[in-house]
Amino acid sequence: MNKKFTEAASEYKKALEVTATSNRALLGLAWTEIQSKNYTGAIEAFKKACKLNSKNEVEIRKAFKYLNDEKIAEAPRFIEAVNSCSGS
């Protein structure tokens, strides 16, 4: 994992220790996890963000599109996360 992404993930996690409901920290962590190829961690962070605000579903959809465009096999898991977010 790239050192910058490791550091960023660590900082987002520290922020979440202070404010567990920080939308910005959850989304930042999710995108950092994608860049680190930790797709399970990204989905978990996106799901938490979606529970805080269902409008965050759009971020999961962006992640799906990005991963699908990059032909990443885990992309369909992000659509499953969208479905759980929207209650579908």
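**Note on a predicted helical model**

1. Glu11 and Lys14 are 3 residues apart in helix H1, so about one helical turn separates them. Their side chains meet in a salt bridge, 3.4 Å from N to O. Glu11 is partly exposed at 48% relative accessibility. Lys14 is also partly exposed, at 44%. Note that this is a predicted model.

2. Helix H1 covers residues 3–18 and holds both Lys3 and Glu7, 4 residues apart, about one turn of the helix. These two side chains form a salt bridge at 3.9 Å, N to O. Lys3 counts as exposed because its relative accessibility is 63%, and exposed means over 50%. Glu7 is partly exposed, with 42%.

3. Helix H4 spans residues 57–69, and Asp69 and Lys65 lie 4 residues apart in it, about one helical turn. Their side chains make a salt bridge of 2.7 Å, N to O. Asp69 is partly exposed at 44% relative accessibility.

4. On the charges overall, the protein chain carries 15 positive and 11 negative side chains. The centres of the two sets lie 2 Å apart.

5. The fold has 5 helices and 0 strands. The radius of gyration is 12 Å, close to the 12 Å from the globule rule for 88 residues, so the protein chain is as compact as a globular protein of that length. The C-alpha trace spans about 30 × 30 × 15 Å along its principal axes.

6. Buried residues make up 36% of the 88. The accessible surface comes to about 5,600 Å², and 50% of that belongs to carbon and sulfur atoms.

Terms used
Residues numbered from 1 in each chain as written. Predicted model: local features only at pLDDT ≥ 70, side-chain atom pairs only at ≥ 80, totals over all residues. Heavy atoms only, no water. Helix = DSSP H or I, 4+ residues; strand = E, 2+ residues; numbered from the N terminus. Rg over C-alpha atoms; globule rule 2.2 N^0.38 Å. Buried < 20%, exposed > 50% of the residue type's maximum accessible area, 1.4 Å probe, protein only. Areas by Shrake-Rupley, 256 points an atom, 1.4 Å probe, with all protein chains shown as cover. Lys, Arg positive; Asp, Glu negative; His and termini not counted. Charge placed at Lys NZ, Arg CZ, Asp CG, Glu CD. Salt bridge = Lys/Arg side-chain N within 4 Å of Asp/Glu carboxyl O.
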